[in-house]
Amino acid sequence: MTKKAISLGILALAVGAGSGAYAGPDDDSLVINDELEMVTETAAPAHMEGIDTIYSGWRFRTDETQSLQLDDFDNPAMLTVDQAIDAYSEVDGSENESCASCHGDVESFAGLSAAMPKVKDGNLVTLEDEINNCRSTRMGAEEWKWSGQDMQGMVALIGLQSRGMPVDVAIDGDAAPFWEKGKEIYYTRYGQLELSCASCHEENYGNMIRADHLSQGQINGFPTYRLKQARLISRHNRFRGCIRDTRAHTFAEGSDEFRALELYVLSRSNGLSVETPAVRQ
């Protein structure tokens, strides 16, 4: 028996151990604060193969977890967002500047997260890059760690301004080679288990793996408050965890590989609403 067959057998056993049947996304509607309705189901982007409809990860969560995202007062991520609101207007660094000094009201960022990452000066940049560039070059302040709560709180605050807007990342033009690289990573089998992102999130979504209900792996709600870790989690942190679980040496947060993967995976969410900050198990 080949290693590939063995690894697929392990996945099949794990999936089978959790459930005796496919349990697809539920039919619940996500309406935040009784006024902002999210698109959690829509036609798959034209570039996707083998999937006709895409679903938000919210549709695969338990009722208890789903309820935390229905009202901002119940959403635990909002505690970190509140801290980011204070940091946004706080002067920091040698230039005596704050985020608000240049950008004014944070609402000016409406629509930005829905189109990120994007190519800038030949490089694929994320919100984390833009934030640290402002801190280092304009504020004269220390850069923040990629998955630190100060960074992810600010990413969430900026993302919140686009909540309800459709994800719409560009994958053509200058973005095309980065998108192709991300796609290659998505379908590459890693680690001793020889599993790819697609192994779970494309070929087995809707199934149970142990106690977890596999979603399509959409990342339109990141940064996400993950109950398991009790904090906001970045996209790259989640990528790292998934590849690590294949028993492989993983890429670093902020690496070119994860930037490309972020673009590709987000392009699979095109048409779903930005949910930032989402809540997941």
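Trainee: With which side chain does the side chain of Q152 make a polar contact?
Mentor: Please bear in mind that this is a predicted model. In it, the side chain of Q152 makes a polar contact with the side chain of E128, at 3.1 Å.
Trainee: Where is Q152 found?
Mentor: Q152 belongs to helix α6, which covers residues 149–160.
Trainee: Is Q152 buried or exposed?
Mentor: Q152 has a relative accessible area of 1%, so it counts as buried, the cut-off being under 20%.
Trainee: Leaving aside neighbours within four places in sequence, which residues is Q152 in contact with?
Mentor: Besides E128, those residues are W146, S147, P223, L232 and S234.
Trainee: Changing topic, how many cavities of 30 Å³ or more does the structure hold?
Mentor: There is one cavity of that size, and about 150 Å³ of space lies in the largest cavity.
Trainee: Which residues are closest to the centre of the largest cavity?
Mentor: They are L127, V155, F222, P223 and R235, out of 19 residues in the lining. P223 is also one of the residues in contact with Q152.
Trainee: Which elements give two or more residues to that lining?
Mentor: These are α5 (127–138), α6 and α10 (256–267). Helix α6 gives the most, with three residues.
Trainee: And how do the lining residues divide into nonpolar, polar and charged?
Mentor: Nine are nonpolar, seven are polar and three are charged.

Methods
Residues numbered from 1 in each chain as written. Predicted model: local features only at pLDDT ≥ 70, side-chain atom pairs only at ≥ 80, totals over all residues. Heavy atoms only, no water. Helix = DSSP H or I, 4+ residues; strand = E, 2+ residues; numbered from the N terminus. Buried < 20%, exposed > 50% of the residue type's maximum accessible area, 1.4 Å probe, protein only. Polar contact = N/O pair within 3.5 Å; in protein donor to acceptor, adjacent residues only side chain to side chain. Contact = heavy atoms within 4.5 Å. 1 Å grid on protein atoms, 1.4 Å probe; cavity = no way out; pocket = protein on both sides within 12 Å on 5 of 7 lines; lining within 4 Å. Points joined across faces, edges and corners; volume = space filled by probe spheres on them. Nonpolar A, V, L, I, M, F, W, Y, C, P; charged D, E, K, R; others polar.
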